[in-house]
Amino acid sequence: MNRVVHPIEQESFRRLRARLDTSHLPPLTRAVVERVVHSTADLEYASDLVMDEGALARAHAALHAGAPVVADVEMVAAGITRRKTVCRLGDAVAGPGLTRSAHAVRLAYQEVGPGALWVIGCAPTALEELLTLDASPALVIGLPVGFVGAAESKAALRESGLPAVSNVSEKGGSAVAAAALNALLYHPVSPDSEETL
């Protein structure tokens, strides 16, 4: 079922495209870049985001085939529309050398197993913990924000070789991570489908 796009959103994307030429980008990369820029009104994301079209295509297929989606925090989960997510932060507890966010990742992995799409927009420690697991993710959207550990955890994600969406700078956040996942949710499954914003 196609998503109904509100006229305000249509106009927002028209203005975005008037200021930022994304026409040279492959379809899923373009969708993610535009959705993130739209959610932040920050054109710098166009040069800050790092992703691979082939990895996005495989993740898009997995997502639309029903792969689980895991969010690191409820704010990320709340921003993901049209899809139920797993977020175990409410069940997690901090311990020696383990943050609540890292424990939540462990709990979520026990629940979903391999092949999930992981959406991390808040805690660098959640991303760091995910990288220690043998999670075999369909995709890791690793966009935590902050001055301590955020850029470093995203660099470690890129170095891991896992299929990923990340960015180079310290910026990111729940809305950004959710927007990246929503771009894949909203993108049509078949090339003959009408592309949505």
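How are α2 and α4 oriented relative to each other? In this predicted model, the two helices α2 and α4 are roughly perpendicular to each other, because their angle falls in the range from 65 to 115 degrees.

**View 1. Helices α2 and α4 pack against each other at an angle of about 85°.** Helix α4 covers residues 53-64, and where this helix packs with α2 the two axes are 8 Å apart. On the side of α2, the contact is made by Pro27, Leu28, Thr29 and Val32, while α4 contributes Glu53, Leu56, Ala57 and His60.

**View 2. Five strands form an open sheet with mixed pairing.** Read across the sheet, the strands come in the order β1-β5-β4-β3-β2. The edges are formed by β1, residues 49-51, and β2, residues 69-71, each of which pairs on one side only. On average, neighbouring strands of this sheet are turned by 15° against each other, when direction is ignored.

**View 3. Strand β2 runs parallel to β3, and helix α6 packs on this part of the sheet.** The strands β2 and β3, the latter made of residues 117-120, are joined by three bridges, and within this pairing Val70 stands opposite Trp118 of β3. Helix α6, residues 100-112, touches both β2 and β3, and the direction of this helix makes about 160° with that of β3.

**View 4. Helix α2 lies across strands β1 and β5.** The helix is made of residues 27-40, strand β5 covers residues 164-167, and α2 runs at about 155° to β1.

View 5. Most residues other than glycine have a negative phi. Ala41 counts as exposed because its relative accessibility is 70%. Arg82 counts as partly exposed, because its relative accessibility is 45%.

**View 6. Ala67 is a buried residue in the loop between α4 and β2.** The relative accessible area of Ala67 is 11%, and therefore this residue is buried, the limit being under 20%. Leaving aside residues up to four places away in sequence, Ala67 touches Ala62, Arg83, Gly115 and Leu117. By contrast, the C-alpha atoms of Ala67 and Ala92, which are 25 residues apart along the chain, are separated by 23 Å.

**View 7. Helix α7 has buried residues that are covered by several elements, including α6 and α8.** Helix α7 consists of residues 124-132, and its buried residues are Pro124, Ala126, Leu127, Glu129 and Leu130. Strands β3 and β4, the latter made of residues 139-142, are also among the elements that cover these buried residues. Helix α8, residues 150-160, is where Ala155 is found, and Ala155 counts as partly exposed because its relative accessibility is 23%. The C-alpha atoms of Ala155 and Ser166 are separated by 8.3 Å, and these two residues are 11 residues apart along the chain.

**View 8. The charged end of Lys171 sits over the ring of Tyr45.** The distance from this charged end to the centre of the Tyr45 ring is 4.7 Å. As for pairs between aromatic rings, the structure holds zero of them.

Notes
Residues are numbered from 1 along each chain as its sequence is written. This is a predicted model: local features need pLDDT of at least 70, side-chain atom pairs count only at pLDDT 80 or more; totals for chains, interfaces and linings use all residues. Side-chain values use heavy atoms; hydrogens and water are left out. Rings of Phe, Tyr and Trp (its six-membered ring) pair if their centres lie within 6.5 Å; planes under 30 degrees apart count as stacked, over 60 as edge-to-face and the rest as tilted. A charge sits over a ring if NZ of Lys or CZ of Arg is within 6 Å of the ring centre and within 35 degrees of the ring normal. Two strands pair if DSSP finds at least two bridges between them. Helices (H or I, at least four residues) and strands (E, at least two) are DSSP runs, numbered from the N terminus. Axes are lines fitted to C-alpha atoms, for helices over the stretch in contact, and angles run from 0 to 180 degrees between N-to-C directions. Contact means heavy atoms within 4.5 Å. Buried means under 20% relative accessible area, exposed over 50%, partly exposed in between (1.4 Å probe, protein chains only). Angles under 35 degrees count as roughly parallel, over 145 as roughly antiparallel, 65 to 115 as roughly perpendicular and the rest as oblique.
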